[in-house]
Amino acid sequence: MPELPETETLARDLDAIVRGRVVDRIEVPRSDVLRGATARSLRQRLTSHAIEKVWRRAKAVVIDLGPGRHVVVVPRFTGGLLVRDPGVPDDAYDAVRFRFTDGSTLAYRDVRRLGTVSWFDDEGLAAFSARIGPEPLDPAFTAVALSAFVRSSAQPVKKLLMDQRRLAGIGNIYANEALWAAGIDPSRPGRGITSDEAARLRDAIVDVLQRAIAARGTTFRDFRDAYGSRGGFASQLAVYGRGGEPCARCGARLTDTHAIDGRATVFCHRCQS
Ligand SMILES: [Zn+2]
C-alpha cells in the first residue's frame, strides 16, 4: 500500500501535470469508491472548475479545485491516479474520470476498489486532517514531539509509528526501515524509548522518507506513479522484504516475524536492541 513517499511522488507529479486544467465533465463508472458524494454531486460541484493544486496529506492525495472544493483520494491497495493524453483509451478498472477541456483525462483506477474518493468542503477537509497525526517531514516533528507520543503508550514502538492518528504517512515498509536505521527493536514498548533513542528514530524516519521520495517510492505490486511507472526505492531497502538475509550493518541473519503487530516485521536481533 502506498505510504508517504509513494503518495508524495504521485501528488507532486499530478500537480505538475494537471494544475490549471479545467474539468469539462466527470464520469463515475464505479460509484462504490465515492464517500460524501454522488456522481451527480461531483458533477455539480466540479464541472467548469480548474485544478488549482494537488498535494498530499498522510497517505491521501488532495485535489483542490478552488475554495471549498476538495477531492481526497486514498489509493490503499490497488488504487492509482493516472493522467491520459487525448485519444488514450479508458481502462475497465477506472472508477472515476475527470475529463478536462483540453481532451486529457485524470482517472482514478482501482482493481479491488478498496480505495476511496471523497468530497470535502473547507470545513470537512480541516476535520479530515485533524483526525490524522503530524507530518513527519514538517519541521514541527522534532525528537521531543516523537518522544512525547511514543512514551505515552506501552504498545510496541513499531505499531505506534504506524498509527495514523499519532503520525501521518508511515506504514509497514518505512516503520521497519526507520527502526533498523535507528537500531531499535520494533517490539519494544513505546514507554521505554529513551530521549536519545527518540532523537535517533526521528532522524532515521526523516532520512528514510527523504531518500524514498528522491527514489520516487517503493513498488512491490501495485503502486504506480502518475506516469504508470514504478518507484525505485526497493533496491535501497535494508530490512523490509529481506528476512533471512544478512544485516547490512553487522552481518547477522535478519529475523522475519508476524508476532509484533500481525504485519511482516523484519529486524536484526543483534544490532536492534
Ligand atoms: Zn545487525
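Okay, hi everyone. Before we start, this is a predicted model, where local features need pLDDT of at least 70, side-chain atom pairs count only at pLDDT 80 or more, and totals for chains, interfaces and linings use all residues. Residues are numbered from 1 along each chain as its sequence is written, and side-chain values use heavy atoms, with hydrogens and water left out.

Let's begin with the zinc. Which atoms hold the zinc ion? The protein donors are the SG atoms of Cys247, Cys250, Cys268 and Cys271, lying 2.2 to 2.3 Å from the ion. A donor here is an N, O or S atom within 2.8 Å of the metal (3.2 Å for Na, K and Ca), and since water is not among the atoms, sites may look incomplete. Along the chain, these donors follow the spacing C-x2-C-x17-C-x2-C. Why is the arrangement called tetrahedral? Because the angles that the 4 donor atoms subtend run from 98 to 122°, and the rule for four tetrahedral donors is that all angles lie between 85 and 135 degrees. For reference, the ideal angle for four tetrahedral donors is 109.5 degrees.

Buried means under 20% relative accessible area, exposed means over 50%, and partly exposed is in between (1.4 Å probe, protein chains only).

Next, rings. The model has 2 aromatic pairs, counted when ring centres of Phe, Tyr or Trp (its six-membered ring) lie within 6.5 Å; planes under 30 degrees apart are stacked, over 60 edge-to-face, and the rest tilted. One of them joins Tyr174 and Phe233: the centres are 6.1 Å apart and the planes sit at 35°, so this pair is tilted. Tyr174 is in helix α6 (residues 172–182), while Phe233 is in the loop between α7 (195–214) and β10 (255–257), so the pair ties together parts 59 residues apart in sequence. Helices (H or I, at least four residues) and strands (E, at least two) are DSSP runs, numbered from the N terminus. Tyr174 is buried at 1% relative accessible area, and Phe233 is buried too, at 0%.

Now the second largest pocket. Its space is about 250 Å³. A pocket is an open set of points on a 1 Å grid over the protein atoms alone, where a 1.4 Å probe fits, with protein on both sides within 12 Å along at least five of seven lines; lining residues have an atom within 4 Å of a point. The lining includes Met1, Ala58, Phe128 and Ile132, and the whole lining divides into 6 nonpolar, 1 polar and 5 charged residues. Ala58 sits in the loop between β3 (53–57) and β4 (60–64) and is buried, at 4%. Ala58 and Ile132 are 74 residues apart in sequence, yet 7.5 Å apart in space, C-alpha to C-alpha.

Finally, some loop residues. Where is Arg113? Look in the loop between β8 (105–110) and β9 (116–120). Arg113 has a positive phi, near 55°, in a residue other than glycine, and it is partly exposed at 26%. Arg216 has a positive phi as well, about 65°; this residue lies in the loop between α7 and β10 and is partly exposed at 30%.

That's my tour, thanks!

How values were computed: Grid points are joined across faces, edges and corners, and a volume is the space filled by probe spheres set on the points. Ala, Val, Leu, Ile, Met, Phe, Trp, Tyr, Cys and Pro count as nonpolar, Asp, Glu, Lys and Arg as charged, and the others, Gly among them, as polar. Four donors count as tetrahedral if all angles lie between 85 and 135 degrees; four count as square planar and six as octahedral if opposite donors are over 155 degrees apart and all others between 65 and 115; anything else is irregular.
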